[in-house]
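Subject: Handing over the model

Hello,

Here is the structure I promised to pass on. Please open it alongside this note, and my findings follow below.

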Amino acid sequence: MPRPTPAQIAYGSATVVFSTLAMLLLSQTRSGAGVAVIALAALALGLLVAHSAPLPRKAGRRAAAPAAGQRTPAHVGSAVGEHSLHG
């Protein structure tokens, strides 16, 4: 399993803090059990947000060969261009 990125940690942490405050203010609960349920719900929501945050793309994907059927620019190395350069 890959390590979480700083963006994922920030999104998840902010979600936990703000959702906990919002749920506590809206529910106006004062019991310990109610606070625990809200805290667990906020933690689950934060984990969901952190997990669904997009992962950064790898730098090597840009230099990958084009897929079948895609055209490459003429200067990249067509058979005619390479033949005329070497012979």
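Serine 31 is partly exposed, with a relative accessible area of 39%. (Buried means under 20% relative accessible area, exposed means over 50%, and partly exposed is in between, with a 1.4 Å probe and protein chains only.) Serine 31 sits in the loop between H1 and H2. A polar atom of its side chain lies 3.1 Å from the backbone nitrogen of glycine 34. (A polar contact is a pair of N or O atoms within 3.5 Å; within protein, one must be able to donate a hydrogen and the other to accept it, and residues adjacent in sequence count only if both atoms are side-chain atoms.)

A word on the source. This is a predicted model, in which local features need pLDDT of at least 70 and side-chain atom pairs count only at pLDDT 80 or more, while totals for chains, interfaces and linings use all residues. Residues are numbered from 1 along each chain as its sequence is written, and side-chain values use heavy atoms, with hydrogens and water left out.

The rest of the loop

Glutamine 28 is in the loop between H1 and H2 as well. Glutamine 28 is exposed, at 61% relative accessible area. Its phi is positive, about 55 degrees, although glutamine 28 is not a glycine.

Overall fold

The protein chain has three helices and zero strands. From the N terminus on, the order is α-α-α. (Helices are DSSP runs of H or I with at least four residues, strands are runs of E with at least two, and both are numbered from the N terminus.) Of the 87 residues in the protein chain, 14% count as buried.

How H1 and H2 pack

Two packed helices are described by the angle between their axes and the distance between the axes. H1 covers residues 6-27 and H2 covers residues 32-52. Their axes come within 8 Å and cross at roughly 150 degrees. H1 is therefore roughly antiparallel to H2. (Axes are lines fitted to C-alpha atoms, for helices over the stretch in contact, and angles run from 0 to 180 degrees between N-to-C directions. Angles under 35 degrees count as roughly parallel, over 145 as roughly antiparallel, 65 to 115 as roughly perpendicular and the rest as oblique.)

The crossing of H1 past H2 is right-handed. (Ala, Val, Leu, Ile, Met, Phe, Trp, Tyr, Cys and Pro count as nonpolar, Asp, Glu, Lys and Arg as charged, and the others, Gly among them, as polar.) The H1 side includes Gly12, Thr15, Val16 and Ser27, and the H2 side includes Ile38, Ala42, Leu43 and Val49. (Contact means heavy atoms within 4.5 Å.)

Residues in H1

Which residues does threonine 15 touch, not counting residues up to four places away in sequence? They are Thr20, Leu45, Gly46 and Val49. Threonine 15 lies in helix H1 and is buried, with a relative accessible area of 17%.

Serine 27 is also in helix H1. Serine 27 is partly exposed, at 41% relative accessible area. Its side chain reaches the backbone oxygen of methionine 23 at 2.8 Å.

Residues in H2

Alanine 42 lies in helix H2. Alanine 42 is buried, with a relative accessible area of 0%. Leaving out residues up to four places away in sequence, alanine 42 touches Val16, Ser19, Thr20 and Met23. Its C-alpha atom is 9.7 Å from that of glycine 12, 30 residues apart along the chain.

Leucine 43 is in helix H2 too. Leucine 43 is partly exposed, at 44%. The C-alpha atoms of leucine 43 and serine 13 are separated by 8.7 Å, and the two are 30 residues apart along the chain.

Before H1

Threonine 5 lies in the segment before H1. Threonine 5 counts as buried, at 17% relative accessibility. Not counting residues up to four places away in sequence, threonine 5 touches Leu55 and Pro56.

Best wishes

Key:
A crossing is left-handed if the near helix is turned anticlockwise from the far one by less than a right angle, and right-handed if clockwise.
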